[in-house]
Amino acid sequence: MSSKVFDYIIVGSGASGLQLAMAFVRDDYFRDKSIGIIEKRRSFTNDKTWSFWEIGSGLYDDIIYKSWKKGQFTACGETIDLDLGEYNYKMLRSIDFYNYAESIINESKNIEWIQDEISFIDEQKNIVALTGKQSYKAKHVFDSRLPDNFKPTESLNILQHFKGWFIETDEDVFTPESFDMMDYSIGDKSKTCFMYVLPFTKRKGFVEFTYFSPELVDDQTYDKYIKSYLSDKLGVENYSVSETEKGIIPMSSYPFYRQNFSKITKIGTAGGWVKASTGYSFKNAERFALKIVDNIKAGKIPHSNLHKKRFKHYDKLFLDVLLNYNAYGEKLFYKMYKKNSIYDIFNFLDDESHIIQELKIIISMTSHHFIKALIKHALSGFRIK
Ligand SMILES: Cc1cc2nc3c(=O)[nH]c(=O)nc-3n(C[C@H](O)[C@H](O)[C@H](O)COP(=O)(O)OP(=O)(O)OC[C@H]3O[C@@H](n4cnc5c(N)ncnc54)[C@H](O)[C@@H]3O)c2cc1C
């Protein structure tokens, strides 16, 4: 078996692997470091629609498909207008991102793309990542494979699962300048489920039905609610569907950080980069990639202090409520959007708020379900698992 040696190996060229590779490219420190990106996929398709919020301009503005300064949140019979202020809500097609990342990374002479499937990574033997025919060695491996023993039975787990349609209508139905963050007016009231709408033009948009729930549903259920949203809410019967998107994102308090070792850093979903209470992770990948770069340059273990503990506790409270009182999700998020500014909410969900903002948000969401979750969490000694 032949062996290839690198300074750093990135396993998986998805959202996190590519953002990390681009962070390496942007920093001169890594110019003379050899980097291998090992990816099992042979080709990439437009498999995901990534959205995220950020203040002002950002790294991917050249490939942003559409961005919004205004949004809406509808729940409990009320529509709340969201003025994003300094923030923009941006949408990116994954295929544009993959192509863009490839072009940036290809400008670097020190990065090698390898199409292979890693089956095993051994921390002891100075990191050997094995495939059937080849081994790879590196000082440090960044691994975006979900851990083999990912059976988070002791953790709080729900799933964000969804199906979306890209549609075009015969008449004007969308308001292109305002997106729908969550619209609870159509769906199963015994679950946390809502419509998510990204309008591109008056006649083109993306409509996605989303659940935050412990169980999955069949395909027809998402379709049923999308159809009823289109006919009952938007009053549109004639439309064509050009593309669909389906996905499942784990929303979990599982301690992913336990899979990090001195020479292995788990990244992306496998590294716990998905915000457990929202399912967002694209922007986290940018933030964490930068932190990893800084840590390496400072001579620290790459994953040092990636996560802020107190936000893991907040996530756990959200997960506890959503897991045990799934129907309450509508009211839970309604309270958050009704009583807080978008600035505070986005800061909080980005794990970047300060304690006063957090107290304000927590107090605004207080209910007996929330207090019960808090007491349970306190009685368990505020352990995160
Ligand atoms: C449909 C969908 C829509 C989403 N939308 C949003 C959104 O709007 N906003 C947001 O913030 N988050 C969103 N997410 C969540 C999250 O951003 C994505 O899941 C993101 O792709 C996670 O990045 P990742 O690098 O962990 O995984 P991936 O992007 O899935 O990348 C992992 C890569 O590793 C490769 N790989 C796996 N095993 C091996 C192996 N053994 N050897 C070699 N290569 C391997 C895979 O082929 C893949 O390319 C969405 C998720 C889904 C599924």
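From which domains does the shell around the ligand draw at least three residues each? In this predicted model, domain 1 (2–60 + 94–150 + 253–297) and domain 2 (157–251) each contribute at least three residues to that shell.

**Composition of the ligand shell**
- There are 28 residues around the ligand, and S16, E39, S51, T269 and S281 come nearest.
- Sorted by class, the shell holds 9 nonpolar, 10 polar and 9 charged residues.
- At least two shell residues come from each of α1 (15–26), β2 (35–39), β3 (49–55) and β16 (239–252).

**Polar contacts and burial of the ligand**
- The side chain of S16 places an N or O atom 2.6 Å from an oxygen atom of the ligand.
- For R41, a side-chain N or O atom is 2.9 Å from a ligand oxygen atom.
- S281 takes part through its backbone, with an N or O atom 2.7 Å from an oxygen atom of the ligand.
- The protein buries 87% of the 980 Å² that the ligand exposes when taken alone.

- β4 pairs with β7 (residues 87–93) in the antiparallel sense over 3 bridges.
- W68 has Y89 of β7 as its bridge partner.

Note on methods:
Residues are numbered from 1 along each chain as its sequence is written. This is a predicted model: local features need pLDDT of at least 70, side-chain atom pairs count only at pLDDT 80 or more; totals for chains, interfaces and linings use all residues. Side-chain values use heavy atoms; hydrogens and water are left out. A residue is near a molecule or strand if one of its heavy atoms lies within 4 Å of it. A polar contact is a pair of N or O atoms within 3.5 Å; within protein, one must be able to donate a hydrogen and the other to accept it, and residues adjacent in sequence count only if both atoms are side-chain atoms. Accessible areas come from the Shrake-Rupley method with a 1.4 Å probe; for residues, only the protein chains shown count as cover. Helices (H or I, at least four residues) and strands (E, at least two) are DSSP runs, numbered from the N terminus. Ala, Val, Leu, Ile, Met, Phe, Trp, Tyr, Cys and Pro count as nonpolar, Asp, Glu, Lys and Arg as charged, and the others, Gly among them, as polar. Domain bounds come from an automatic or database domain assignment. Two strands pair if DSSP finds at least two bridges between them.
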